[in-house]
Amino acid sequence: MGSYICTCKVGYTGDGHSCSDVDECKGGNNLCDEIANCSNTVGSYSCTYKDGFTGDGHSCSDIYECSNGSHVCDMKANCTNTKGSRNCTCKKGFIGDGQSYRGRKGKHCGPVGVADNNITPDARMTASSIFTYHHASYLDRVNETRRFGKWCPKTKLDKTDYLQVDMGSVLSVCAVASQAEEETLIWTSSYKLCLSTDGLTWNSYEEANKTKV
């Protein structure tokens with residue numbers, strides 16, 4: 001009788017005469033989900049879900065970016081969901097980091113092609129014949145600047161002439177670009193594509209069951 005008792009409020013510690021804030025986040029004395037961020041506040045704390053997850057911070061679940069469309073994978077890439085994130089990998093026949101940059105510069109999935117001799121070395125481009133060494137097979141690349149920058153066969157009468165490109169591995173060819181020689185305006189008026197995985201057996205590219213020329 002004739003006295004009193006002082007106790008610290010919830011979220012504080014001390015003898016009641018002097019109280020200090022309890023950092024629940026450091027002591028593990030909180031109810032945040034293990035995959036949530038804990039932020040200490042005066043006398044309390046808050047829980048917020050980490051990137052790649054959703055919830056109220058006390059209970060969090062993974063976001064499936066690949067299925068809900070929130071990923072940034074390129075249209076020519078495969079999206080694989082991971083815990084709290086996703087992986088983007090270019091589909092067969094394309095190279096890059098798998099991500100779409102929506103107009104910004106980046107290593108998004110692009111065509112393998114033959115335009116870059118660092119990707120397709122000169123030795124992988126061969127031909128049945130050449131007009132002169134200025135028209136070697138490996139010069140037949142889009143935007144090639146060496147010599148005349150285009151392949152020409154020995155004559156224009158032999159319809160069996162061919163240009164062959166070894167891609168180095170089995171790839172999906174989605175498109176083919178051709179370009180005329182700027183100086184003389186020489187170009188191939190028609191051609192067909194043949195594909196092979198062993199260099200011995202060749203199959204012509206077809207549309208509607210007919211060889212596309």
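Author: A salt bridge here is a side-chain nitrogen of Lys or Arg within 4 Å of a carboxyl oxygen of Asp or Glu. This is a predicted model, where local features need pLDDT of at least 70, side-chain atom pairs count only at pLDDT 80 or more, and totals for chains, interfaces and linings use all residues. Residues are numbered from 1 along each chain as its sequence is written, and side-chain values use heavy atoms, with hydrogens and water left out.

Reader: Is Glu207 buried or exposed, or partly exposed?

Author: Glu207 is partly exposed, at a relative accessible area of 39%. Lys212 is partly exposed too, at 40%. For the cut-offs, buried means under 20% relative accessible area, exposed means over 50%, and partly exposed is in between (1.4 Å probe, protein chains only).

Reader: How many salt bridges does the count come to?

Author: The count comes to 3 salt bridges. Asp122 pairs with Arg141, closest N and O atoms 2.7 Å apart. Asp122 sits in the loop between strand E10 (110-111) and strand E11 (125-127), and Arg141 in the loop between E11 and E12, so the bridge ties together parts that are 19 residues apart in sequence. Helices (H or I, at least four residues) and strands (E, at least two) are DSSP runs, numbered from the N terminus.

Reader: And what does Asp122 do with Arg146?

Author: Asp122 forms a salt bridge with Arg146 as well, with 2.9 Å between the closest N and O atoms. Arg146 lies in the loop between E11 and E12 and Asp122 in the loop between E10 and E11, so this pair ties together parts that are 24 residues apart in sequence. Put together, Asp122, Arg141 and Arg146 are linked in a network of salt bridges.

Reader: Which way does Arg141 go, buried or exposed?

Author: Arg141 is buried, with a relative accessible area of 1%. Asp122 is partly exposed at 23%, and Arg146 counts as partly exposed at 28%.

Reader: Switching to cysteines. How many disulfides does the structure hold?

Author: The structure holds 5 disulfides, a disulfide being a pair of cysteine sulfur atoms within 2.5 Å. One of them joins Cys32 to Cys47, S to S 1.9 Å. The torsion about that S-S bond is about -85 degrees, so the disulfide is left-handed. Cys32 lies in the loop between helix H1 (24-27) and strand E3 (36-41) and Cys47 in strand E4 (residues 44-49), so the link ties together parts that are 15 residues apart in sequence. Both Cys32 and Cys47 are buried.

Reader: What about Cys66 and Cys79?

Author: Cys66 and Cys79 are joined by a disulfide too, S to S 2.0 Å. That link is left-handed, with -75 degrees about the S-S bond. Cys66 is in helix H2 (residues 65-68) and Cys79 in strand E7 (residues 77-82), 13 residues apart. Cys66 is partly exposed at 26%, and Cys79 is partly exposed at 24%.

Reader: Where's Cys6 in all this, and which cysteine sulfur is nearest?

Author: Cys6 is in no disulfide, and the nearest cysteine sulfur, that of Cys19, is 8.2 Å away. Cys19 has a partner, though: Cys8 and Cys19 form a disulfide with their sulfur atoms 2.0 Å apart.

Reader: OK, surface. Which residues form the nonpolar patch?

Author: Val173, Val176 and Tyr191 form the patch, with about 260 Å² of accessible area together. Patches are made of residues with over 30% relative accessible area and no salt bridge; like charges are joined within 9 Å, and nonpolar side chains (Val, Leu, Ile, Met, Phe, Trp, Tyr) within 5 Å. Areas come from the Shrake-Rupley method with a 1.4 Å probe, and for residues only the protein chains shown count as cover. Val173 is in the loop between strand E12 (163-165) and strand E13 (194-195).
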